[in-house]
Amino acid sequence: MKHDSPPVFLTVPADPAWVPVVQSVAETVARIFRLDRTKGLRLAMGMEEVLLYLSQVVPGTPIKIEVGPDATAVRAVFSLDAEALDLSAMNITASPSLADADGQNLPMLLASRLSDGFSLTRSGRQILLTLFQEHVYPAVSPVETAPAPARPPLRVERAREASLIADACARALGRFPGDRLPSWFSTPARGVDLILAGRMHLLLLRDGGDAVCGLLCWQAISGKSIVFSGPWLLSGDDAGAALLLEEMINSLARGAAVSLVSDPEATPGNVDFAGHGFELLATLPGRAVGQDAPADIPVWFRHLREDDGLNVWAHPDFAPFLEETYRRLFLIRTVQPVVETGVTLTEPSVFAAALNKERRQATITPLLNGADNRDNIAAHLNGLSQEGYERIRFRIDLAEPWQAALGGELVRQGCRPILVLPHAGRADVVVFQYV
């Protein structure tokens, strides 16, 4: 797939008569961008459902649609102006309701379930809804090899060659527990697409005999924050960890990022990060897949350049946690308390849910503020707990006062803040976990 291929644009009225046009465009674009046939059909069906719903609630409104590649997926973006729109059926906890006897909300429930993910933003009257359909990638099997000392001299190089990356991932899967590695290691072609699209960077450590003996990858999660995973060392010693970390930091020194954080889901436990200039950001409660014993996960942090400071919003129920973290990490922040505005909201809230059934973990991101925030939080906590998810986490962007206010509600409903990710959103992001 060409990662720089332009998207396709069309504008149609919110009218069911235009559904065949949208379906045809979706199926054609899916073929051009080599989406799996089943995935292509799901993309077309999801787009059809969105247009059918909009035809009911905002008939005749012009809908701008963009369909194009998105690194490892094909995306369909719907843009429209609307005063109010009920998109609550996209919540993972939504189900066909007796109150919705005419089935008006059913299309959006189907569109969200047919998609591999979605995003939603509102700015004034403008609404942007994006559906994602991921490519299907082949999985590699773990390759177990006896660790051997690396042969000098060691060198670090940027990796783009698919076969070399696949081999390194297979060997990493054979050496480390799969649930501690980045998820793309089991489908290396997905990592290659991320690299070719400029979304991820990968370093390989090679020894004097050209053998790959380590790897490290990183991605930008905002304009000022980088998350990295590694070094994953495949040799019998820790030689090369410093080379990989130094090369990453030198590469990032030329960019605009301010903070560097280890991946909370994939950080190796056998690297002395403190010895390489990192500070402990937090220790997250965890548990290895298939085991009952706790396996806490350290998260490491390092400044890449001077942090000029931020204004962040906070609810009094979690402000002390923020202040302690900022004081410990010498982060300059002005913490502003959220205030009750008294504004009556008319739309229901929408939260996105990223589910990892193997790790029994759900990560919730609020997308749309609503009158039912309290009930929606409770529905997610209850519903996901009943489905067996042991770690239910919420990500709150402190640039948004309404999200900071949600933090207070999360505390009242049994969640506690466990991690601050500097600059990870429009401002810092706080992660809450249900306990």
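User: What radius of gyration does the protein have, against the value for a compact globule of 435 residues?

Analyst: This is a predicted model. With 435 residues, a compact globule would come out near 22 Å. The C-alpha trace spans about 70 × 50 × 45 Å along its principal axes. The radius of gyration agrees with the globule value, at 23 Å.

User: How many helices and strands make up the secondary structure?

Analyst: Both element types are present in the protein. The count is nine helices and 19 strands.

User: What share of the contacts with a separation of 6 or more joins residues 24 or more positions apart?

Analyst: Burial gives some background: 50% of the 435 residues count as buried. For contacts with a separation of 6 or more, the share from residues 24 or more positions apart is 68%.

User: How far apart are the centres of the positive and negative side chains?

Analyst: The protein carries 39 positive and 50 negative side chains.

User: Which strands pair with E3, and in what sense?

Analyst: E3 covers residues 73–81, and eight of its nine residues are buried. One partner is E2, residues 62–69, joined over six bridges. Another is E5, residues 126–134, joined over nine bridges.

User: Which residue of E3 is the bridge partner of lysine 64?

Analyst: Lysine 64 has its bridge partner in E3, namely serine 79.

User: Which residue in E5 stands opposite valine 77?

Analyst: Opposite valine 77 stands threonine 130.

User: What phi does alanine 71 have in the turn between E2 and E3?

Analyst: E2 and E3 form a hairpin with three residues between them. Alanine 71 sits in that turn. Its phi is positive, about 65 degrees.

User: Is alanine 427 buried or exposed?

Analyst: Alanine 427 lies in the loop between E18 (415–421) and E19 (429–434). Leaving aside residues up to four places away in sequence, alanine 427 touches Leu310, Val312, Asp397, Leu398 and Ala399. Its relative accessible area is 3%, and the cut-off for burial is under 20%. Alanine 427 is therefore buried.

User: What distance separates the C-alpha atoms of alanine 427 and valine 312?

Analyst: Valine 312 is among the residues that alanine 427 touches. The two are 115 residues apart along the chain. Their C-alpha atoms are separated by 6.8 Å.

User: Where is proline 153 placed?

Analyst: The peptide bond from proline 152 to proline 153 is cis, with omega near 0 degrees. Proline 153 has its place in the loop between E5 and E6 (155–158).

User: Is arginine 34 buried or exposed?

Analyst: Arginine 34 lies in the loop between H1 (19–32) and H2 (37–57). Its phi is near 60 degrees, a positive value in a residue other than glycine. Its relative accessibility is 65%, and the cut-off is over 50%, so arginine 34 counts as exposed.

User: What relative accessibility does phenylalanine 330 have?

Analyst: Phenylalanine 330 is in the loop between H7 (319–329) and E14 (333–337). Its phi is positive, near 55 degrees. Phenylalanine 330 counts as exposed, with a relative accessibility of 68%.

User: Which residues does serine 5 touch beyond four places away in sequence?

Analyst: Serine 5 lies in the segment before E1 (8–13). It is buried, with a relative accessible area of 18%. Its contacts beyond four places are Phe33 and Pro69.

User: What covers the buried residues of H3?

Analyst: H3 spans residues 106–114. Its buried residues are Pro107, Met108, Leu109, Ala111, Ser112 and Leu114. Their cover includes H2, E4 (117–123) and E5.

How values were computed. Residues are numbered from 1 along each chain as its sequence is written. This is a predicted model: local features need pLDDT of at least 70, side-chain atom pairs count only at pLDDT 80 or more; totals for chains, interfaces and linings use all residues. Side-chain values use heavy atoms; hydrogens and water are left out. Helices (H or I, at least four residues) and strands (E, at least two) are DSSP runs, numbered from the N terminus. The radius of gyration is taken over C-alpha atoms; the globule rule is 2.2 Å times the number of residues to the power 0.38. Buried means under 20% relative accessible area, exposed over 50%, partly exposed in between (1.4 Å probe, protein chains only). Contact means heavy atoms within 4.5 Å. Lys and Arg count as positive and Asp and Glu as negative; His and the chain ends are not counted. The place of a charge is taken as NZ of Lys, CZ of Arg, CG of Asp or CD of Glu. Two strands pair if DSSP finds at least two bridges between them.
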